[in-house]
Amino acid sequence: NGAHLTTGGTWTNGSSRAFKEAVEAIDPGQVLQRVLDLGISRWRYIGSDEGAHIGPMAEDFHAAFSTGSDAQHIATVDADGVALAAIQGLNAKLEAEKRLLGERMQRLDADNQALRADLGELRALLAQRPPADGAPH
């Protein structure tokens with residue numbers, strides 16, 4: 001599929017449509033929820049001195065997303081795809097909340113304008129009414 005390590009040391013996955021089959025749409029909201037439910041840990045490889053890493057356990061990732069050829073490895077293309085889908089899911093969630101808040105703000109603004117009009121009418125009525133004690137107001 002054209003995956004390779006560049007001369008600069010960057011792993012590059014083949015990702016052209018020409019390399020793919022059985023393409024299915026996913027629900028970014030479901031992916032986001034699965035990412036939120038996924039345990040993320042700090043860990044080191046047994047017997048390695050390369051330092052600590054952060055990420056999920058492959059078994060949990062495989063159970064959540066059913067990707068890859070086994071439950072002991074996470075392909076970088078899958079981790080990247082899950083992260084991008086979760087970002088889309090988060091954006092959709094934020095846009096929906098923004099729309100609802102905008103609608104609520106419009107209702108509150110309309111209510112506020114109506115209350116201001118009512119208050120103005122009440123003030124006008126009070127200004128026309130003689131004071132109860134006969135003193136000017």
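How do the residues of the lining of the second largest pocket divide into nonpolar, polar and charged? They divide into seven nonpolar, four polar and one charged. Here Ala, Val, Leu, Ile, Met, Phe, Trp, Tyr, Cys and Pro count as nonpolar, Asp, Glu, Lys and Arg as charged, and the others, Gly among them, as polar.

1. Basis of the note. This is a predicted model, where local features need pLDDT of at least 70, side-chain atom pairs count only at pLDDT 80 or more, and totals for chains, interfaces and linings use all residues. Residues are numbered from 1 along each chain as its sequence is written, and side-chain values use heavy atoms, with hydrogens and water left out.

2. Second largest pocket. Its space is about 280 Å³. A pocket is an open set of points on a 1 Å grid over the protein atoms alone, where a 1.4 Å probe fits, with protein on both sides within 12 Å along at least five of seven lines. Lining residues have an atom within 4 Å of a point. Grid points are joined across faces, edges and corners, and a volume is the space filled by probe spheres set on the points. The lining includes Trp 43, Tyr 45, His 53, Gln 72 and His 73. Pro 56, Met 57 and Glu 59 also belong to the lining.

3. Elements around the second largest pocket. Strand 4 (53-55) and helix 2 (58-65) are the elements that give two or more residues to its lining. Strand 4 supplies the largest share, three residues. Helices (H or I, at least four residues) and strands (E, at least two) are DSSP runs, numbered from the N terminus.

4. Largest pocket. About 910 Å³ of space lies here. The lining has 27 residues, and the closest to the pocket centre are Lys 20, Thr 67, Val 77, Asp 78 and Gly 81. Two or more lining residues come from each of helix 1 (28-37) and helix 3 (76-128). Helix 3 gives the most, with seven residues. By class, the lining has 10 nonpolar, nine polar and eight charged residues.

5. Asp 78. This residue is in helix 3. Asp 78 is also among the residues closest to the centre of the largest pocket. Leaving aside residues up to four places away in sequence, Asp 78 touches Phe 61, Thr 67 and Gly 68. Contact means heavy atoms within 4.5 Å. Phe 65 is 13 residues from Asp 78 along the chain, and their C-alpha atoms are separated by 8.8 Å.

6. Helix 1 against helix 3. How do these two helices lie relative to each other? Their axes come within 7 Å and cross at roughly 110°. Helix 1 and helix 3 are therefore roughly perpendicular to each other. Axes are lines fitted to C-alpha atoms, for helices over the stretch in contact, and angles run from 0 to 180 degrees between N-to-C directions. Angles under 35 degrees count as roughly parallel, over 145 as roughly antiparallel, 65 to 115 as roughly perpendicular and the rest as oblique.

7. The helix 1 and helix 3 contact. From helix 1, the residues are Pro 28, Gly 29, Val 31, Leu 32 and Val 35. They meet Val 82, Ala 85, Ala 86, Gln 88, Gly 89, Leu 90 and Lys 93 in helix 3. The contact has eight nonpolar, three polar and one charged residues.

8. Two backbone points to check by eye. Most residues other than glycine have a negative phi. Ala 22 has a positive phi, near 55°. Ala 22 sits in the loop between strand 2 (11-12) and helix 1, and is exposed, with a relative accessible area of 68%. Buried means under 20% relative accessible area, exposed over 50%, partly exposed in between (1.4 Å probe, protein chains only). Ser 66 also has a positive phi, about 50°, although it is not a glycine. Ser 66 is in the loop between helix 2 and helix 3, and is exposed at 61% relative accessible area.

9. Ser 69. The loop between helix 2 and helix 3 holds Ser 69. Ser 69 is exposed, with a relative accessible area of 76%. Phe 19 is 50 residues from Ser 69 along the chain, and their C-alpha atoms are separated by 17 Å.

10. Further along helix 3. Asp 111 is in helix 3 and is partly exposed, at 46% relative accessible area. Asp 111 and Ser 16 are 95 residues apart in sequence and 54 Å apart in space, C-alpha to C-alpha. Leu 125 is in helix 3 and is exposed, at 53%.
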